[in-house]
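Subject: Structure handover and findings

Hello,

Here is the structure I promised to pass on. Please open it first; my notes follow below.

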Amino acid sequence: MRAIIPLFKPWVPMWLIRITMFIVILPSLVLFFLPLCNVTAAAGYYGIEPADVQYSVLVYYAGYTSFFSLEKRFFRYLATREYFFIFTILQVITSFACYETHSLLILLILRFIQGMGMTSTANLGMSIIFNRSKSERGRAVSYSVFFGMLVCMIPFNNFITADLLDAFNFNVIYKGAMFSYLPSLILLGLIMNNVRLNIRFPLYLLDWPSFICYGCFLCSLAYLFVYGQERYWLSDPRMLCVAIFAVFMLLTFIIRQTVLKRPYFKLQVFKHLNFILGGAVLFVLYLCRFTLNFSTAFFSGVLGFDPAHVSYMNLFNIAGIVLGVIISCVYLLQHRPIRLIWLYGFLSLLIFHVIMYFLFSTAGEPFSYFLPLFLHGLGVGLLISPTIIFMVSAVPAKMVDTAAGICLFVRCLGFYSSIALINHFDLLNKNTHLNALKEQLTAINPMIKPAIIKQSKALINHGILKKQVPGAANRLLIKQLTIQAQLRSAMDYYVLIGWLLVATLITIALFPYLSKTVVRFRKNQPAPF
């Protein structure tokens with residue numbers, strides 16, 4: 001039996017350890033998607049564009065992803081409690097700086113550093129949990145809890161900040177983030193011994209060049225995906241320069257991996273078919289995961305629900321995620337075929353998109369959307385843990401760290417791509433529909449004149465002066481057309497994702513060997529975060 005390293009003092013009960021690990025990981029997860037809890041409030045406070053708010057989240061993801069391999073060297077050098085205090089204090093300092101700053105550049109730098117801190121916190125928490133997990137059941141539950149928390153973060157952030165942002169400026173959430181680290185600092189200071197999980201490995205020959213190339217590539221790619229549609233992609237000189245720089249950084253990074261004795265990533269992982277298949281499934285999952293952004297925009301922009309009400313509705317999404325994570329964990333422990341889990345998960349997501357397609361309208365009741373929100377969460381919860389564990393289990397033991405890093409890259413790329421698609425449909429596709437609708441606004445259109453007369457009477461009844469009525473009526477008509485264009489654009493996006501899900505389900509069904517493929521945990525398998 002594997003000996004348990006005495007990380008905690010003898011009097012500490014297991015329930016307190018589990019609660020402490022939850023408190024350790026949660027603040028960094030909350031920081032992840034924090035700017036997206038209210039994009040309008042964030043943009044207004046910092047005096048930036050909504051696209052800049054999106055970019056600040058993607059920069060966090062870039063820091064989280066690029067620091068993954070380099071972080072392990074620091075983890076092996078420092079004692080566990082010492083390591084935790086260093087990176088937690090760093091997170092507190094950067095949160096305070098985000099609270100104080102109004103500069104976009106400084107904010108982006110701080111967000112990248114916070115992403116690096118997220119890598120360290122996740123590695124610490126998962127390593128501590130795995131040190132005390134002596135069974136397959138314990139490892140399965142640990143994976144499921146961590147990834148369940150991760151995919152819950154956007155609706156959870158909306159829920160905890162909706163009322164707060166109604167009463168305070170946006171930056172108060174960073175003040176809350178600072179104080180959220182204090183309980184974990186106090187608890188771990190009291191209950192942990194300052195021991196090591198690994199043999200001390202000196203900090204020499206750190207592969208900083210690979211980290212810099214990888215981080216620059218991810219930040220450049222994020223810039224292209226966020227601002228590309230707005231600036232007409234490569235027709236803009238700045239976008240062209242960024243694209244060339246991104247390709248140069250990627251090629252430099254790949255060439256380094258082929259010549260280094262100890263590469264950042266072992267590219268031999270791509271020789272394993274199951275690993276590639278799992279990566280494709282994970283990428284599709286992340287595209288589907290963020291289609292919920294269109295639904296949220298629909299609730300607030302078309303139906304007129306306030307942010308607090310939308311956050312309460314998203315609790316059904318969280319409930320679906322929790323149930324999906326529990327079911328997937330049970331299936332993993334029962335060694336059910338991975339194809340069965342994938343089919344159930346993607347079918348749930350397909351049903352969500354079909355239902356929402358028919359529910360997109362200018363009027364609706366909140367309870368009509370509870371079931372589709374739950375189904376979306378159920379599908380994501382079913383798929384997230386088994387897919388990542390499937391990828392990591394598909395490679396030899398010596399490549400598991402690289403496999404975990406590539407998993408993180410695929411999730412990052414899926415998030416980037418979903419942002420690019422959302423921006424495309426929100427800008428280009430929406431404007432296409434709006435222009436088509438405006439072309440129908442002619443004097444000979446029999447529907448236009450009665451509509452303007454009706455709106456004019458309503459405005460007069462509400463006290464608008466007669467000389468102001470024509471302009472106000474026209475503006476209301478344009479607003480209604482904009483709403484219709486938004487609905488049409490959202491429906492187009494959901495049709496696209498729906499067909500992608502159909503293709504994914506057919507592909508999974510056509511891989512017969514998947515019916516016999518199960519996910520098994522290796523001894524001492526690392527956490528693929």
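In which helix is the place of Leu359? Leu359 sits in helix H17, which covers residues 338-359. Keep in mind throughout that this is a predicted model.

Setting aside residues up to four places away in sequence, Leu359 touches Phe298, Ser368, Tyr369 and Pro372. Pro372 is 13 residues from Leu359 along the chain, and their C-alpha atoms are separated by 9.7 Å.

The overall picture

The protein chain has 21 helices and zero strands. It has 529 residues, and 54% of them are buried. Take the contacts with a sequence separation of 6 or more: 85% of them join residues 24 or more positions apart. The chain exposes about 23,200 Å², and carbon and sulfur atoms supply 69% of that area.

The core

In soluble globular proteins, nonpolar side chains tend to be buried together. Here the largest nonpolar core holds 167 residues. Which of its residues touch the most other members? They are Phe8, Tyr174, Phe346 and Tyr416. Helix H19, residues 400-439, gives the most to this core, with 14 residues.

Helix H11

H11 runs over residues 208-227. At 1.5 Å a residue, its 20 residues should span 28 Å.

Is Leu221 buried or exposed? Its relative accessibility is 11%, so Leu221 counts as buried. Not counting residues up to four places away in sequence, Leu221 touches Leu413 and Tyr416. Leu221 and Tyr416 are 195 residues apart in sequence, yet their C-alpha atoms are 8.0 Å apart in space. Tyr416 is also one of the core residues named above.

Two residues here deserve a look at their backbone. Most residues other than glycine have a negative phi. Tyr232 has a positive phi, near 60 degrees. Trp233 has a positive phi too, near 50 degrees. Where is Tyr232 placed? Tyr232 is in the loop between H11 and helix H12, the latter being residues 237-259. Trp233 is in the loop between H11 and H12 as well.

Tyr232 has a relative accessible area of 63%, so it is exposed. Trp233 has 31%, so it is partly exposed.

H1 against H3

Two packed helices are described by the angle between their axes and the distance between the axes. Helix H1 (residues 14-32) and helix H3 (residues 50-66) pack at an angle of about 135 degrees, with their axes 9 Å apart. H1 is therefore oblique to H3. Which residues meet there? From H1 come Ser28, Leu31 and Phe32. From H3 come Val57, Tyr60, Tyr61 and Tyr64.

Phe84 lies in helix H5, residues 80-100. Its relative accessible area is 3%, so Phe84 is buried. Beyond residues up to four places away in sequence, Phe84 touches Val24, Leu124, Ser184, Leu185 and Leu188. Gly125 is 41 residues from Phe84 along the chain, and the two C-alpha atoms are separated by 9.3 Å.

Gly377 lies in helix H18, residues 370-393. How exposed or buried is Gly377? Its relative accessible area is 0%, so Gly377 is buried. Leaving aside neighbours within four places in sequence, Gly377 is in contact with Asn317, Gly320 and Ile321. Gly377 and Ile318 are 59 residues apart in sequence, and 6.2 Å apart in space, C-alpha to C-alpha.

Best wishes

Technical notes:
Residues are numbered from 1 along each chain as its sequence is written. This is a predicted model: local features need pLDDT of at least 70, side-chain atom pairs count only at pLDDT 80 or more; totals for chains, interfaces and linings use all residues. Side-chain values use heavy atoms; hydrogens and water are left out. Helices (H or I, at least four residues) and strands (E, at least two) are DSSP runs, numbered from the N terminus. The expected span of a helix is 1.5 Å times one less than its number of residues. Buried means under 20% relative accessible area, exposed over 50%, partly exposed in between (1.4 Å probe, protein chains only). Contact means heavy atoms within 4.5 Å. Accessible areas come from the Shrake-Rupley method with a 1.4 Å probe; for residues, only the protein chains shown count as cover. A nonpolar core is a set of buried Ala, Val, Leu, Ile, Met, Phe, Trp, Tyr and Cys residues joined through side-chain atoms within 4.5 Å. Axes are lines fitted to C-alpha atoms, for helices over the stretch in contact, and angles run from 0 to 180 degrees between N-to-C directions. Angles under 35 degrees count as roughly parallel, over 145 as roughly antiparallel, 65 to 115 as roughly perpendicular and the rest as oblique.
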